[in-house]
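Visitor: I have a chain to look at, and I want to know what stands behind each label. Please show it.

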Amino acid sequence: MWSSKVSHFVMQRTFSTSSILKAGLDLMTLDGKKSPGRQELCFDILFGIHPISCAIEAKRRSIETVFYRRDLLNHNVRAKEILERCWAENVKTQVLPQSKIDNIAPKGKPNQGLLAKATRLYYIPTPCTQKFIANSQSEKESCQSPVWLLLNEIQDPMNFGSVLRSAYFMGCNKVFVSSHKSCSLTPVVSKASSGVMELMPVYSVNNPSQFCQILKESKWDIVGTGSHNDETNEKSLVCSPVGSFFRKNPTLIILGNEGQGLPEELVSLCTHRLYIEARPNLNKNIDSMNVSAAAAVILHTILNRSDRS
């Protein structure tokens, strides 16, 4: 339940076909598999140095064209490295003025004079079965008691990207999302993650409750998040400070929706509930942390504290 108010809209893929046409580029590729009348683009326009660099390195997308501002060759070492790699790998490049680049990229988002037309990334569907759990744990993970992260209905792309970046940086082994009401893997998410979205596969589950139940039966700790002010009854777990938790077993951390937190059906499956301790005398209007900031604190604490005895 780590949130400030969620924004009133979910960021869409924020480049428009009109902007693309204004730029005079052949960027329109329609997906013929869709029903008539639903003309959807089957590619993404990545923007910024880190997302494009990571996308080229990871090779999880097919990069069709990289668009760039000419002066980057002389003034930006990272951009020059990207372009030189494109030329070495026969990826098409095209010079554009900044005005056209700004027309194509999302408004208000720094693009650093670099865009890339690339195929989309999607979540990897995950079966909620014991077999999947057993097969998905590598030997290395098994020895180290893996830590997985489940994001339940996280909808803000900036939050989502920031959580991905923290999860990768801190060493989280896998990230899962709920299939429904979750932010898509958009260029805005890639930019917010500083390119981590290109490097780290994200898995989806249709039934988060069933997923947690199977992990619980497999002797995983299911760690939910909450507040020290959460009401408890004789059937519910008491919320404890995150610093009191020592990792003994494979662990799944669940983070809830920006506005609603964790639903009761997931709370009931938790083996532990944790909160981040706040300063004394908080203003009543500031009762929680943003989900992305909370994710960083929780992951850092849990991944660096384990019971070695």
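Visitor: What is the strand order in the open sheet of 4 strands?
Guide: The order is β1-β4-β2-β3, and the pairing is mixed. This is a predicted model, where local features need pLDDT of at least 70, side-chain atom pairs count only at pLDDT 80 or more, and totals for chains, interfaces and linings use all residues. Residues are numbered from 1 along each chain as its sequence is written, and side-chain values use heavy atoms, with hydrogens and water left out.

Visitor: Why do β1 and β3 stand at the edges?
Guide: β1 (43–47) and β3 (92–95) each have a single partner strand, so one side of each lacks a neighbour in the sheet. Neighbouring strands here are turned by 20 degrees against each other on average, direction ignored.

Visitor: What makes β1 and β4 a pair?
Guide: Two strands pair if DSSP finds at least two bridges between them. β1 and β4 (residues 114–119) have 5 bridges, in the antiparallel sense. Phe47 stands opposite Leu115 in β4.

Visitor: What counts as a helix or a strand?
Guide: Both are DSSP runs numbered from the N terminus: helices are H or I with at least four residues, strands are E with at least two. The chain has 13 helices and 12 strands.

Visitor: Which strands does α2 lie across?
Guide: Helix α2 (residues 49–58) lies across β1, β2 (63–68) and β4, at about 125 degrees to β1. Helix α4 (residues 77–88) lies across β2, β3 and β4, at about 140 degrees to β2. Axes are lines fitted to C-alpha atoms, for helices over the stretch in contact, and angles run from 0 to 180 degrees between N-to-C directions.

Visitor: Why is α2 called roughly parallel to α4?
Guide: Their axes come within 10 Å and cross at roughly 30 degrees. Angles under 35 degrees count as roughly parallel, over 145 as roughly antiparallel, 65 to 115 as roughly perpendicular and the rest as oblique. That makes α2 roughly parallel to α4. The contact (heavy atoms within 4.5 Å) involves residues including Ile52 and Ile56 of α2 and Ala79 and Ile82 of α4.

Visitor: What is the handedness of the crossing where α2 passes α4?
Guide: The crossing is left-handed. That term applies if the near helix is turned anticlockwise from the far one by less than a right angle, and right-handed if clockwise.

Visitor: At what angle do α8 and α13 pack?
Guide: Helix α8 (residues 157–170) and helix α13 (residues 291–303) pack at about 15 degrees, with axes 8 Å apart. α8 and α13 are therefore roughly parallel. Their crossing is right-handed. Among the residues that meet are Ser162 and Ala167 in α8 and Ala295 and Leu299 in α13.

Visitor: Why is β11 called largely enclosed by the rest of the structure?
Guide: Buried means under 20% relative accessible area, exposed over 50%, partly exposed in between (1.4 Å probe, protein chains only). In β11 (residues 251–255), 5 of the 5 residues are buried, so the strand is largely enclosed. Thr251, Ile253 and Leu255 point one way, Leu252 and Ile254 the other. In a regular strand the side chains alternate between the two faces of the sheet.

Visitor: In which sense do β6 and β11 pair?
Guide: β6 (residues 147–151) pairs with β11 in the parallel sense over 5 bridges, and Val147 stands opposite Thr251. β9 (residues 221–225) and β11 also pair in the parallel sense, over 3 bridges. There Val223 has Ile253 as its bridge partner.

Visitor: How many residues does the chain have, and what share is buried?
Guide: The chain has 309 residues, and 49% count as buried.
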